[in-house]
Amino acid sequence: GGGGGGAPFAARLALGHATDLLAFCVRQHTYRMKYFVLRNNIVARVLRLLRYRDKFLKLAAVRFIRACVGIKDDFYNRYLVKNNLLAPVLDMFKDQKQQDTLINSTIIEMVEFIRSENIKILIENIHEKYEGAFHDVTYVTVFTDLKLKYDQNRDFSENKGKIQDDQNKGTASSTKRRKYLESQQEESYFDASDDEEESGSKGSGGT
């Protein structure tokens, strides 16, 4: 539905329970649920609950996304990023970010989980799409901490690349040096052989 005004309360309540059941299945039946979620576009359909006025439906939708994030499965993470499915949740938070509500607390806890577990693809997605959007959220430090984690990951990745380059250069240099030493050893061997032959021929000539 749209704003949810037309649906009877009992139907909306059933939607909330069904969404919580889906979240439970995501956590408990990870393998089978992945393909069910993908084939049936479940995440996008659950996110439609954010259009309802009922807070319990919004909360159910956020809990479902939290369940998808919570199993730390690359499948879900890539799916969420590819289809921009964190955006409706974070946009809702952005619109009411100064309100210390249960919904906001649930979103903050999810972002903190992403940060603390260092789910890099989601950290990058949130930071790059919402950089600066949450600077004025001062009652929690989670978004500042998320930016710090993003910077740490980026620095680590850059340093890792440099280390790899140095290792490759070192390997190339050591290979070059080894070949040089081998060639020097060969030259020394042949020089010694030539000297032996020369001294041998002199000795036989003098006899």
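Burial here goes by relative accessible area, with buried meaning under 20%, exposed over 50% and partly exposed in between (1.4 Å probe, protein chains only). Lys-72, with a relative accessible area of 44%, is therefore partly exposed. The model is a predicted one, in which local features need pLDDT of at least 70 and side-chain atom pairs count only at pLDDT 80 or more, while totals for chains, interfaces and linings use all residues. Residues are numbered from 1 along each chain as its sequence is written, and side-chain values use heavy atoms, with hydrogens and water left out.

As for the overall layout, the protein has nine helices and zero strands; both are DSSP runs numbered from the N terminus (helices are H or I, at least four residues; strands are E, at least two). From the N terminus on, the elements simply read α-α-α-α-α-α-α-α-α. Buried residues account for 35% of the 207 residues. Contact means heavy atoms within 4.5 Å, and among contacts between residues at least 6 apart in sequence, 72% join residues at least 24 apart.

Helix 4 is mostly covered, with 12 of its 16 residues buried. Among them are Leu-57, Lys-58, Phe-64, Ile-65, Arg-66 and Val-69. The cover over these buried residues includes helix 1, helix 3 (42-47), helix 5 (74-82), helix 6 (87-95), helix 7 (102-116) and helix 8 (120-130).

Helix 4 also shows up in the core. A nonpolar core is a set of buried Ala, Val, Leu, Ile, Met, Phe, Trp, Tyr and Cys residues joined through side-chain atoms within 4.5 Å. In the largest one, which has 51 residues, Val-43, Phe-64, Ile-65, Val-69 and Ile-107 touch the most other members. Helix 4 supplies the largest share of this core, nine residues. Setting aside residues up to four places away in sequence, Val-43 touches Val-37, Phe-64, Ile-65, Tyr-79, Leu-80 and Leu-85.

Over in helix 1 (residues 9-28) sits His-17, which counts as exposed at 53% relative accessibility. The C-alpha atoms of His-17 and Ala-60 are 8.0 Å apart, although 43 residues separate the two along the chain.

Next, the pairing of helix 5 with helix 8. Their axes come within 9 Å and cross at roughly 15 degrees, with axes fitted to C-alpha atoms over the stretch in contact and angles running from 0 to 180 degrees between N-to-C directions. That makes helix 5 roughly parallel to helix 8; angles under 35 degrees count as roughly parallel, over 145 as roughly antiparallel, 65 to 115 as roughly perpendicular and the rest as oblique. Asn-77, Arg-78 and Val-81 of helix 5 make the contact with Ile-121, Leu-122 and Asn-125 of helix 8.

Finally, the loops. Lys-72, in the loop between helix 4 and helix 5, has a phi near 55 degrees, a positive value in a residue other than glycine. Asn-118, in the loop between helix 7 and helix 8, likewise has a positive phi, near 50 degrees, and is partly exposed, with a relative accessible area of 25%. Gln-96 lies in the loop between helix 6 and helix 7 and, at 19% relative accessibility, counts as buried. Leaving out neighbours within four places in sequence, Gln-96 is in contact with Thr-101, Ile-103 and Asn-104.
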